[in-house]
Amino acid sequence: MTKQVKTLDKKQPSRNKSLTVMVLYPARMSAYGDQGNLLALKHRAKLHGYDTKVVLHKPGAKFDEKVDIILGGGGQESDRSAVLDDLSKIGPKLKKLADSGTPMLVICGMYQLFGNYFLTQSGDKLTGVGIFDTYTEDNPKRLIGNIITKSDKLGLLIGYENHSGLTYFNQGQAALARVKKGAGNNGRDRTEGARTSNVFGSYLHGSILPMNPRLTDELIRLAAVKKYGEFSPNDRIDDSLTEKARRAAQKRSR
Amino acid sequence: MKNITKIAARSAKLLTKAKGSGGSALPGLVIEKLEPDFLSRTLANLPHGVAVVSGTNGKTTSTKTVVELLTTAGLRVFTNPTGSNFTRGIASAVFCEIEKSGSFHFDIAVLELDEAHAVHFVNKVAPRYFLLLNVLPDQLDRFGDVNTTAGFLKTVAKETTNGVVLNANDSLLNKVRSGDKVVHFFGYDSNLTKLFSPDNERPSSDNKPINPDVVLKKISGKKVVFNIGETTLQLSGAHNALNSAGALALVKVILGREFNAKKMLRALSNVKPAFGRGEVISVNGKPVELVLVKNSAGCRMSLAAQNNEQTATMIAINDTPSDGRDISWLWDVDFTALKNVACVSGVRAYDMALRLQHDNIAVGSIDTNLRRSLSRFISDNSSSNFQIYCTYSAMLKLRKYLGLVAQVEKAL
């Protein structure tokens, strides 16, 4: 018992190691459990020995470039149009951060807007940030249900999808994972999500990070290496509960 | 009603009884096929017509409230049993009533309808009144997104002939409002904004200023103050206080000049929680409260309403279609109001436990088996009262299991 406490102590935040997490448009682009991603990131960073500072970026506010990880979530169509102006302003800055290796995770609505464009059902073309070489077309039929995908690097990614946009890749764009059960990017090519440098996009909520700690750890590792030049993971984290939740989720029908 | 329809519906009723399935929709299905205008004809003859109650959260309790207030005012009120809010379920209920008493002598029908069923219903029967409590993200696995839900409700508002009652504080209000309708409102005073939407950064709807008919002005414990007077509720939580304002506003529209505020507020103080919605069941002399949770907004309000630290807590999360397949909303709720949770159960027990772990809340036992978990929970002798937060299908099962050890009102 004492031993365990000591190990944990070593990993408690110390020497002011800290990661700044930015959440893009928390009021507008946050749906279906996006809160869980921030919670999991904070929880997991602490276990690895990092404090977290959270910055909320709202439309029209000054963009703070001193960030280590960026999160973005989903939203309704009206929310999407409400952030579009600001997104076009901060787009080049986001791109620069992406090029320099800043890890980001964008889900659903923000994943779509990190591509080249989003085509609404009424034919409006909403310009995206263009970090992913993708485009999304809104579709009358929604893709809804439990989803399991497999990533070579991160293993099984488990979650729930609910989107009407169908996302397609231009040549050379890498997917985040392959669909094992569910629809994924467009229900056709078995790809799910996208990855460009250290930016991850996905349709999985559920929420994705608490249910998929390897992805959470990867974001933290990338951020830590970029900021401190090294990352020594806490390899004594007890993941038994997460494993059981993952097993239960995998057994659920679509 | 034609004789042939009657005979066929009777047989269907007997058949369901014999099968013991408890499904009440079959007679209604038969009636729908044989006599499609049966429901609209029967309900159209009611002197005050039909009032529909819908919205994301609080339908069952608010319907119960409206029924009790109107009954106190002297009206004979027909209502649909909880859970049978399909159009054919209502046809079944009307048929059973006619069978029971030989006629359908009511002044008004007050019907609880979920958002999608309400659209089907108004295609058959135009309601005279419509109370819409709120529009929140819920059942997105079924409806896709909340704008679809709002679209359903707009149709219902459009078809309503006499009085539409809306929540003045609902952020999706404009999506529901139909321009040419006379609309009545209920709402809360601006001093309560923090209570109802603590982190609401959404611009509030850009309506012209609204003067609600009934305004909730103050809540202290179970004592509530409205612009039309004050009363003490048996229902707990701010959400129930606001929904009571909605019920009062609807009753005010229905009764018009006959509305007696004092009498109605007194009747409101007698309304007890509905089936599984904060319903308290006594087990071995100790109160066990069943709290239905199905989306983040409702769960947040229910957690805010609980204030007794001596209460032992159990949470049961299922993910069947009636619960909502997507349980992501658990991550949008702050559970820190709970100091610890004795038992976590349901098909997604481990997801729930993982969620609580992220809020640093101690969990006693995790067991996906509801029955085992429940008996462990209520056999804990150190607690004097118990509360169970549960999704819909878990609630039905838990209630059944509680019925084996305690006297419980028969499930409809």
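This is a predicted model: local features need pLDDT of at least 70, side-chain atom pairs count only at pLDDT 80 or more; totals for chains, interfaces and linings use all residues.
Local features were required to have pLDDT of at least 70 and side-chain atom pairs pLDDT 80 or more, whereas totals for chains, interfaces and linings use all residues. Residues are numbered from 1 along each chain as its sequence is written, chains are lettered from A in the order in which they are written, and side-chain values use heavy atoms, with hydrogens and water left out.

Helix α7 of chain A (residues 240-251) packs against helix α14 of chain B (residues 349-358) at an angle of about 145°, and their axes lie 8 Å apart. Helices are DSSP runs (H or I, at least four residues) numbered from the N terminus; axes are lines fitted to C-alpha atoms over the stretch in contact, and angles run from 0 to 180 degrees between N-to-C directions. Contact (heavy atoms within 4.5 Å) involves Leu241(A), Thr242(A), Lys244(A) and Ala245(A) on α7(A), and Tyr350(B), Asp351(B), Ala353(B), Leu354(B) and Gln357(B) on α14(B).

Over all chains, the structure holds 24 salt bridges, each defined as a side-chain nitrogen of Lys or Arg within 4 Å of a carboxyl oxygen of Asp or Glu. One of them joins Asp351(B) to Arg348(B) at 2.9 Å, N to O. Both Asp351(B) and Arg348(B) are buried (under 20% relative accessible area, with exposed over 50% and partly exposed in between; 1.4 Å probe, protein chains only).

In chain B, Glu97(B) and Lys100(B) form a salt bridge of 3.7 Å, N to O. Glu97(B) is buried at 17%, while Lys100(B) is exposed at 68%.

How values were computed
Helices (H or I, at least four residues) and strands (E, at least two) are DSSP runs, numbered from the N terminus.
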